[in-house]
Amino acid sequence: MSHLFYQTRDRRPLLEHAEGIYIWDVNGKRYIDGSSGAMVSNIGHSNPRVLEAMRDQMDKSTFGYRLHFENAPAENLAAKVAELSPKGHDKVFFVSGGSESVESAVKLARQYAYVKGQDSRWKVISRSPSYHGATLGALALTSYEPLTAPFKPIVTDMPKVPAPRCYLDRDNLSEEERGLKYADMLRDKILEEGPESVLAFIMEPIGGASTGALVAPDSYYGRIREICDEFGVLLIYDEVMTGVGRTGKFLACEHWDINPDIIATAKGFGAGYIPLGAMTARQHIVDVILDAGGFQHGYTYAGNPIACAAGLAVIEEIYRQNMMENTTRVGNDLLTGLGRLMDKFPFIGDVRGKGLLTAFELVGDRDTMAPLPTSLNAFRELVEIAYRRGLIIYSRRSRGGLEGDHFLVCPPMITTPEQIGDILGILDESLTELATTLNLPR
Ligand code: PLP
């Protein structure tokens, strides 16, 4: 009998220890952390340099409230993040997780409009499907039916535009045209809502849990920036999952040379060592708010010295070990390998991603991309099969949470080519078992 509870009654074994890309349970069984937890443990487990940085800081102080003291790790980490962020993102606001980061981004955007006398701007347009966090504000931007349905009456209804899921489209457009088509849906939505009422647009540059590593056509990104500029709408990049190296760049926005107005990060920032996130914003946005009396927002643990010492050590390790180069290299191997699995298993309908944020999606029919029957619960079944075989992957329902089955394969950025081979090997065996269990076409 456990006194703990999370989402369900499902139980997992007790974790014993973890190192690199591996986790051992108390029964001595070893697992490959093929999803870095929930795309968190980006630099692998038990990195000695990060642990040492945390211990060193612990010996000095564990907490100093920000209204009473500055602390050197927070200052140093803010300087490092500003240096690595797009031009103009000189201001960094620390939080303890992704939902807090998204809440902070939205509140900063809103207070910016408020102090500038644009009180009519409050709507934040987001994409469907999407995931931006569990708190009520972030949930208003999230589009994933099972997570949002129970809370509809107490959450503000925010406008949504379709996520650019071109892999489901059966049209004759080029990739470039498709990207522009989806971007222009934002323009139409802004006009429909009334531009004077729209505050911001928030997007995951590469989709996370809700869409499974969805990458838009290149043309999408620049066009979205143009549309936001046309209407004075702030562009918020939710880089909670993509940020801090996971896609092979420090931030995913670098792939398309986009400079968002506000960026939210978390997950890989604390990298599983400690809860840590950050919101960065262009300096002028922050200045206007501070000049008008201050940002009416903050969290008790913000800028905690141990968290910031860990965050700094995580970034130093990413650069010292050239982890982003490795991510690009082995990420390509992983995508190629997943493509080979797609050749072998006709019920894989799509393989996608960038760097080590990759996914594959199962379908009932590749021609129509119709999902598998929901009753098969393939999204749970395959995770359990792989888990029994010692590989952890992460799954969700791909069609707004209601149907469809996708699986994120996102091992830590230190994964070697041989370990990618091990992951693909277990996936191959697991998909074979799934096909037998669910009687899928072979
Ligand atoms: N935004 C994105 C894109 C995410 O993937 C997540 C978590 O999965 C969040 C926000 C929320 O982060 P957290 O669970 O740390 O609150």
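E433 is partly exposed, with a relative accessible area of 25%. This residue belongs to a predicted model, and its side chain meets that of R389 in a salt bridge. The structure holds 26 salt bridges, along with one cavity of 30 Å³ or more.

**Salt bridges between distant parts of the chain**

- In the bridge between R389 and E433, the N to O distance is 2.8 Å.
- This pair links parts of the chain that are 44 residues apart: R389 sits in the loop between α12 (378–388) and β13 (394–396), and E433 in helix α13 (residues 417–438).
- R389 counts as partly exposed, at 34% relative accessibility, and E433 is also partly exposed, at 25%.
- Another salt bridge joins the side chains of R187 and E230, at 2.6 Å from N to O.
- Because R187 lies in helix α7 (residues 175–193) and E230 in helix α8 (residues 218–231), the pair ties together parts that are 43 residues apart in sequence.
- R187 has a relative accessibility of 26% and so counts as partly exposed.
- E230 is partly exposed as well, with a relative accessible area of 42%.

**Salt bridges within a helix and in a network**

- Helix α8 also contains both R223 and E226, which are three residues apart, about one turn of the helix.
- The side chains of R223 and E226 meet in a salt bridge with an N to O distance of 2.9 Å.
- E226 counts as partly exposed, at 48% relative accessibility.
- Returning to R389 and E433, their bridge connects a loop with helix α13.

**The cavity**

- The structure has one cavity of 30 Å³ or more.
- The largest cavity holds about 40 Å³ of space.
- Its lining is made by V81, S85, V244, F250, L251, I263, T265, F269 and T280.
- Of the residues in this lining, six are nonpolar, three are polar and none is charged.
- V244, one of the lining residues, is placed in the loop between β8 (234–238) and β9 (262–265).
- V244 is buried, with a relative accessible area of 1%.

**The second largest pocket**

- The second largest pocket has a volume of about 760 Å³.
- Two or more residues of its lining come from each of α3 (72–84), β4 (91–95), β10 (277–281) and α9 (283–291).
- Among these elements, β4 gives the most to the lining, with four residues.
- The lining is made up of 23 residues, and those nearest the centre of the pocket are R66, E70, V92, F93 and F94.
- By type, the lining residues divide into 14 nonpolar, four polar and five charged.

- L136, F151 and I154 make a nonpolar surface patch of about 290 Å².
- I154 lies in the loop between α6 (145–148) and β6 (160–162).
- With a relative accessible area of 58%, I154 is above the 50% cut-off and is therefore exposed.

**Backbone details**

- The peptide bond from S128 to P129 is cis, and its omega is near 0°.
- P129 is in the loop between β5 (123–128) and α5 (136–141).
- M39 is not a glycine, yet it has a positive phi of about 55°.
- Helix α1 (residues 36–39) contains M39.
- M39 is buried, since its relative accessible area is 0%.
- V244, in the cavity lining, likewise has a positive phi, of about 60°, although it is not a glycine.
- Both of these residues are buried: M39 has a relative accessible area of 0%, and V244 has one of 1%.

Terms used:
Residues numbered from 1 in each chain as written. Predicted model: local features only at pLDDT ≥ 70, side-chain atom pairs only at ≥ 80, totals over all residues. Heavy atoms only, no water. 1 Å grid on protein atoms, 1.4 Å probe; cavity = no way out; pocket = protein on both sides within 12 Å on 5 of 7 lines; lining within 4 Å. Points joined across faces, edges and corners; volume = space filled by probe spheres on them. Nonpolar A, V, L, I, M, F, W, Y, C, P; charged D, E, K, R; others polar. Patch = residues over 30% accessible without salt bridge, like charges linked within 9 Å, V, L, I, M, F, W, Y side chains within 5 Å. Areas by Shrake-Rupley, 256 points an atom, 1.4 Å probe, with all protein chains shown as cover. Salt bridge = Lys/Arg side-chain N within 4 Å of Asp/Glu carboxyl O. Buried < 20%, exposed > 50% of the residue type's maximum accessible area, 1.4 Å probe, protein only.
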